[in-house]
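Please look through the model shown here before reading on. The paragraphs after it lead from the overall picture to a few individual residues.

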Amino acid sequence: MANELALTILMGVLLLAIGLWLTRIEDWRSYSPLGSGATGYGEGSREATAEKPAGVLRWLTTVDHKDIGILYGIFGVISFAWGGIAVILMRTELATAAQDVLSATMYNAFLTSHGITMLFLFGTPILAAFGNYFIPLLIGADDMAFPRINAIAFWLLPPGALLIWGGFFLEPFLSGVGPAETSWTMYTPLSLGEGAGALGGSGVDLMLLGLHLTGVSATMGAINFIATIFTERGEDVSWANLDIFSWTMLTQSGLILFSFPLLGSALIMLLLDRNFGTLFFAAEGGGALLWQHLFWFFGHPEVYILVLPPMGLVSLILPKFAGRKLFGFKYVVYSTLAIGVLSFGVWAHHMFSTGIDPRLRASFMAVSLAIAIPSAVKTFNWITTMWNGKLRLTTPMLFSIGFVQNFIIGGVTGVFLAAVPVDLVLHDTYYVVGHFHFIVFGAIGFAVFAGIYYWFPMVTGRMYQRRLGVWHFWLSIIGSNVVFLSMVVLGYLGHPRRYSSYDFASVAPVDLYTIFHQLATVGAFIMLFGQLIWLWNMFQSWREGPHIDSADPWNLEEHGQVTNEWEWFAAQRDDSVALADGGEDAEN
């Protein structure tokens, strides 16, 4: 218990230190509203304007879409750190078969926190960061349609995170409160347990309330994105030439609008069951399967909520360094919309082993296999875009190619799980974990890094250290494949997931379990080293990186790949130079 308390306190101190550090960064003390001639948030924009306060108050009150995008990004990185520390601790425990580092309850707590954090506190917010910052620039809008609602949507996330993580902080001080240990799926009747037993007691209630806040935040953001793309487009931006990233964010927002409210309703029902004696999910009421149906009706669209914008990022970035336009643009858009529609018809493939009617299983199997078709359309279009192109292997391009590779593996392993006979064998094994992580980190994470490196010069006015960016890519691609392929093999060996120890005396071959768990642990530490390099690169380059000498750091104009946000950036730099030389604002 002492070790677990020390680990919890260490994680809390780390987050507090990051927060205090952020309040002291002088380069972020100025406010540069759209059209003010700012070139970013680096040294070039130190002077605070009269429109907004400086310092921390600026960040607490801002409604500028770029500022809110940065806030989403910082929040996402902090959540990524929390979830990453949790998984490193779990993988350290799993390096040996015995229970050595974490107790079973603490392992379950970190398992739950890792899943919830990466999906709800990292995945959705980090994509909202790109959407908030760049969609108004891509479509020629002044800002989001509802700037204040945009700010409110973000500020619901920090209290949501504190509630989700609250059990870790409150356990030493309050009896009956501990970190939730239900896993991220919160299956009943496990999540209906009372007291401070194996499930975290009232910490589960805190987690459910926190999840509800994050769902409200995502829904408000989705409404804002839909309204912005429909009503705020510039005169030269029609549906025919709307960029692919905006198409994917629009589709994602539609999925959020129809799925997150259902999750919120299910969470309220579960809270009522836990605290007021209702019987929505009790055996004598709706039953445990009711929770699974409600959860997965949200849960599988959630996978596409997380993967569609990364597909849009790669579809936008990859052609820039292939020297060609995106092959089959219309079909990439159509496949995006098809995925959005079909994603609501596949939820029960998570429930093939629950004994549902074989005719229903066959129907869901057919739709689950069919949804692979629009995903394949995108994959072949990305490959064809690169075919015979003039590839420039910059860091954004490397991560885009890594995305395609990981997405192919994640997609193919998913097709096997969509087939009922195979799923009955592999269900609840590490195969599912490997498949899921190839999509969630192997695809989403890589696309996010591609976007960060691609737009880093625009946001900061500086260039990152390119060699460190390449190192980050190779450590990430090698580490992720070592981890996730090891998990796939463990699944084929029949290893069940969510176990904190695996000293199965009656199960052979135990030695292979240990070997592949150790491989996965080595891969996890390789990934950790890569992410530490990335953090250092971003921090150091933001503060001291070389200033870019033009508004086209990627030579996009030479290849005919300039898009609206880079034209906006060029206009801002031109205005800044004119004002610095004593010129007058064009509007005056």
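Contact here means heavy atoms within 4.5 Å. With neighbours within four places in sequence left aside, Ala-288 is in contact with Thr-188, Pro-189 and Phe-281. This is a predicted model, in which local features need pLDDT of at least 70 and side-chain atom pairs count only at pLDDT 80 or more, while totals for chains, interfaces and linings use all residues. Residues are numbered from 1 along each chain as its sequence is written, and side-chain values use heavy atoms, with hydrogens and water left out.

The predictor's confidence in each residue is given as pLDDT, from 0 to 100. The protein averages a pLDDT of 87, and 86% of the residues score at least 70. Over residues 1-5 the pLDDT is below 50, and this stretch has three contacts in the model beyond near neighbours in sequence. Residues 25-50 also have a pLDDT below 50, and for this stretch the model shows 72 contacts beyond near neighbours in sequence.

Turning to the fold, the protein has 18 helices and zero strands, where helices (H or I, at least four residues) and strands (E, at least two) are DSSP runs numbered from the N terminus. Of the contacts between residues at least 6 apart in sequence, 80% join residues at least 24 apart. Buried residues make up 57% of the 588 residues in the protein; buried means under 20% relative accessible area, exposed over 50%, and partly exposed in between, with a 1.4 Å probe and protein chains only.

A nonpolar core is a set of buried Ala, Val, Leu, Ile, Met, Phe, Trp, Tyr and Cys residues joined through side-chain atoms within 4.5 Å. The largest such core has 167 residues, of which Phe-134, Trp-291, Phe-403 and Trp-455 touch the most other members. Apart from neighbours within four places in sequence, Trp-455 is in contact with Phe-130, Phe-134, Leu-313, Leu-316, Glu-565 and Trp-566.

Returning to Ala-288, this residue lies in helix 9 (residues 288-317), and it counts as partly exposed because its relative accessibility is 28%. Ala-288 and Tyr-187 are 101 residues apart in sequence, yet 7.4 Å apart in space, C-alpha to C-alpha. In helix 2 (residues 56-61) lies Thr-61, which is partly exposed because its relative accessible area is 37%. Thr-61 and Arg-148 are 87 residues apart in sequence and 9.4 Å apart in space, C-alpha to C-alpha.
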